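Keep the model open while you read. The walk goes from the whole chain to single residues.

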Amino acid sequence: IRVDGYAFEECSSLESVTLIGGENFSFDYYAFSGCTNVTTLYIKSKNRYYNSSILEQLDDFTALAAIYVPADEVETYKSDSYWSKYNTIIQGWDDTL
């Protein structure tokens with residue numbers, strides 16, 4: 001699965017993004033550029049998500065209030081050099097989310 005560049009650019013109605021991860025899933029740069037109303041990011045992958053293009057776009061998510069990661073990965077994300085700046089909003093998810 002691939003999300004093309006600028007696919008959701010300036011989409012003010014987008015409030016939640018779910019990343020499923022995996023080898024066959026990728027984001028082009030600027031796929032979420034200007035999506036300033038995203039409040040929630042779900043990461044449903046047991047491996048830390050390192051897609052550099054989405055990490056750079058997180059700064060556009062100025063309303064981001066929560067990042068949900070697999071419950072057993074919370075501390076790993078919080079201490080990770082890429083994700084640690086979001087450690088106050090990283091939370092665990094379970095199958096009910």
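What follows starts with the overall fold and ends with a few side chains.

This is a predicted model, in which local features need pLDDT of at least 70, side-chain atom pairs count only at pLDDT 80 or more, and totals for chains, interfaces and linings use all residues. Residues are numbered from 1 along each chain as its sequence is written, and side-chain values use heavy atoms, with hydrogens and water left out.

The protein chain holds 2 helices and 6 strands. Helices (H or I, at least four residues) and strands (E, at least two) are DSSP runs, numbered from the N terminus. Their order from the N terminus is β-β-β-β-α-β-α-β. The chain has 97 residues, and 42% of them count as buried. Buried means under 20% relative accessible area, exposed over 50%, and partly exposed in between (1.4 Å probe, protein chains only). Accessible surface for the protein chain is about 5,500 Å², with 45% belonging to carbon and sulfur atoms. Such areas come from the Shrake-Rupley method with a 1.4 Å probe; for residues, only the protein chains shown count as cover. Contact means heavy atoms within 4.5 Å. Among contacts with a separation of 6 or more, 69% come from residues 24 or more positions apart.

Now turn to the strands. In a regular strand the side chains alternate between the two faces of the sheet. β2 pairs with β4 in the parallel sense, over 4 bridges. Two strands pair if DSSP finds at least two bridges between them. Opposite Thr 18 stands Tyr 42 in β4.

Thr 40 also lies in strand β4. Is Thr 40 buried or exposed? Thr 40 counts as buried because its relative accessibility is 15%. Leaving aside residues up to four places away in sequence, Thr 40 touches Glu 15, Ser 16, Val 17, Leu 64, Ala 66 and Tyr 68. The side chains of Thr 40 and Thr 39 make a polar contact at 3.4 Å. A polar contact is a pair of N or O atoms within 3.5 Å; within protein, one must be able to donate a hydrogen and the other to accept it, and residues adjacent in sequence count only if both atoms are side-chain atoms.

Next comes the loop between α2 (74-79) and β6 (90-93), where Tyr 86 is found. Tyr 86 has 11% relative accessibility, so it counts as buried. Beyond residues up to four places away in sequence, Tyr 86 touches Leu 58, Asp 59 and Ile 67. The side chains of Tyr 86 and Asp 59 are joined by a polar contact of 3.2 Å.

Lys 85 forms a salt bridge with Asp 59, with the closest N and O atoms 3.2 Å apart. Lys 85 lies in the loop between α2 and β6 and Asp 59 in the loop between α1 (52-57) and β5 (66-70), so the pair ties together parts that are 26 residues apart in sequence. A salt bridge is a side-chain nitrogen of Lys or Arg within 4 Å of a carboxyl oxygen of Asp or Glu. The whole structure has 1 salt bridge. Lys 85 counts as exposed at 55% relative accessibility, while Asp 59 counts as partly exposed at 48%.
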